[in-house]
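Colleague: I have the model open and would like to go through it piece by piece. Can I ask as we go?
Modeller: Go ahead.

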Amino acid sequence: MSSVSKHSAILIGAYFITAILNYGFGVGLSWLFPSAQYGILGVAQSLLLLLALAVGSGFTWTTANDLAAGGVNESTRQRFRTSLVANTVLGIALGLGLLLAYRSGLLALGKDYRWIVPWIGVTLTLLAIRSVVNGAARGMYLFSPVAKNLVLEVVIKVFLGLALVWAGLGAAGVVFAFAVGAGLSLVHSLWITRSARLFQGRWAFSPKVLKATAPLFLGMLGTALMLNLDILGLKLLSKTDGDTLAGLYQAAAILARTPVFLAQALTIVLFSYASSKIEPETNPPAKRVIYEHTALKAWWRLLLPAGVALILAPQAFLNLLFPAAYQDAAAVLQIAGAGGILLALSTLLIGVFQAQGKRRQPALATGVAVLAQILTLFITCLLYTSPSPRDRTRSRM
């Protein structure tokens with residue numbers, strides 16, 4: 001397990017670097033933007049994350065599983081190319097669908113998003129390609145280059161984004177910076193996997209890849225949806241000022257997602273090792289339960305304490321990072337922190353189970369959970385953001 005520990009440490013180290021940059025970026029923008037503008041950015045980020053996690057929740061994991069299980073050969077190269085084409089088409093389709101929904105009024109975001117939505121589509125396409133290439137790198141156990149790739153994207157996004165904000169481009173400038181970061185990190189991903197010659201050989205579409213990806217997609221996407229539907233639903237379902245409410249919630253969400261992001265970094269490593277069939281004598285199915293134990297141990301020793309700290313001292317963390325206008329989010333942080341603890345555990349176990357071929361049950365469980373979240377979100381927004389009878393009476397007066 002020394003390799004798992006080493007690679008986990010590398011990915012967690014990359015997470016901390018990106019987390020510090022992202023937190024600094026998010027907090028800095030909370031000081032530069034009014035609450036409504038910060039809320040617009042929060043909604044844009046949730047849209048991008050939601051769609052990006054859709055293109056990163058299926059074929060990238062299939063590719064990592066294929067290369068970890070079978071190594072680099074003609075068959076896995078062909079499956080990689082099938083995944084790449086399919087995921088690119090998915091990314092383009094989602095980007096165009098988002099633009100069409102916005103332009104038609106079906107997605108009622110408002111005129112402030114007229115430049116934001118197209119750049120989300122561009123970023124999404126670039127991330128769809130990169131996710132499959134990075135999946136290949138993970139299947140080849142190139143975790144150190146993958147960690148550098150993740151850091152590179154965030155560094156570009158943060159510094160270019162801040163520069164564009166200072167230039168007066170607002171939230172649209174930040175989203176443009178996302179696209180530039182995704183594009184340059186894609187170039188880096190292609191560079192680190194060049195030795196595998198993944199694009200050489202006969203190009204032929206393999207339908208088996210789609211069949212193998214479906215349960216992976218549903219299982220991995222479920223946790224991604226649970227992580228990002230909240231702020232988007234708040235914006236779309238709120239009967240009051242959705243952007244301002246989303247801005248307040250964004251402050252709590254940035255902190256509450258910490259255990260989940262750590263879990264995602266650990267899952268990247270555990271998935272590849274749990275997928276490996278190259279050395280069956282050292283990794284027989286009977287012994288693969290050790291990866292489940294590793295996941296539980298990581299959650300108990302690292303992720304659970306982090307989440308509990310957020311629940312016990314929400315005001316302290318908000319006071320440390322955010323302006324006074326965001327202190328009303330303390331109660332939200334406690335609730336979101338509890339959810340983050342449980343979602344972190346789900347993320348780890350779903351990744352290990354699916355790597356071992358146990359894919360239907362996690363996909364079904366996360367599907368049910370997402371439906372429950374959507375229903376709960378709709379009911380709570382309806383109950384707590386609608387005007388009270390007294391307010392409606394006053395408005396008539």
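Colleague: Where does Leu-109 lie?
Modeller: Leu-109 is in the loop between H4 and H5. Helices here are DSSP runs of H or I with at least four residues, strands are runs of E with at least two, and both are numbered from the N terminus.

Colleague: Is Leu-109 buried or exposed?
Modeller: Leu-109 counts as buried, at 6% relative accessibility. Buried means under 20% relative accessible area, exposed means over 50%, and partly exposed is in between, with a 1.4 Å probe and protein chains only.

Colleague: Before I go on, what should I know about the numbers?
Modeller: This is a predicted model, in which local features need pLDDT of at least 70 and side-chain atom pairs count only at pLDDT 80 or more, while totals for chains, interfaces and linings use all residues. Residues are numbered from 1 along each chain as its sequence is written, and side-chain values use heavy atoms, with hydrogens and water left out.

Colleague: How many helices and strands are in the chain?
Modeller: The chain has 15 helices and zero strands. Of its 397 residues, 54% count as buried.

Colleague: Which residue caps the N-terminal end of H4?
Modeller: Asn-73 does, with a side-chain oxygen 3.0 Å from the backbone nitrogen of Ser-75. After H4 comes Gly-105, whose phi is positive, near 90 degrees.

Colleague: Which residues other than glycine have a positive phi?
Modeller: Tyr-141 is one of them, with phi near 65 degrees. It sits in the loop between H5 and helix H6 (143–166). Arg-197 is another, with phi near 50 degrees, and is found in the loop between H7 and H8. Most residues other than glycine have a negative phi.

Colleague: Changing topic, how many aromatic pairs are there?
Modeller: The count comes to three. Rings of Phe, Tyr and Trp (its six-membered ring) pair if their centres lie within 6.5 Å; planes under 30 degrees apart count as stacked, over 60 as edge-to-face and the rest as tilted.

Colleague: Why is the pair of Phe-80 and Phe-199 edge-to-face?
Modeller: The ring centres of Phe-80 and Phe-199 are 5.6 Å apart and the planes are at 80 degrees, so the pair is edge-to-face. Phe-80 lies in helix H4 and Phe-199 in the loop between helix H7 (170–192) and helix H8 (207–237), so the pair ties together parts that are 119 residues apart in sequence.

Colleague: Are those two buried or exposed?
Modeller: Phe-80 is buried, with a relative accessible area of 1%, whereas Phe-199 is partly exposed at 39%.

Colleague: And what do Trp-119 and Phe-176 form?
Modeller: They form an edge-to-face aromatic pair, 4.8 Å centre to centre and 80 degrees between the planes.

Colleague: What is Asn-134 doing in H5?
Modeller: Asn-134 lies in helix H5 and counts as buried, at 5% relative accessibility. Its side chain makes a polar contact with the side chain of Ser-189, at 2.7 Å. A polar contact is a pair of N or O atoms within 3.5 Å; within protein, one must be able to donate a hydrogen and the other to accept it, and residues adjacent in sequence count only if both atoms are side-chain atoms.

Colleague: Last one, which residues touch the most other members of the largest nonpolar core?
Modeller: Ile-120 and Phe-322 do, in a core of 81 residues. Such a core is a set of buried Ala, Val, Leu, Ile, Met, Phe, Trp, Tyr and Cys residues joined through side-chain atoms within 4.5 Å. Another core, of 11 residues, lies apart from it and includes Val-133 and Leu-198.
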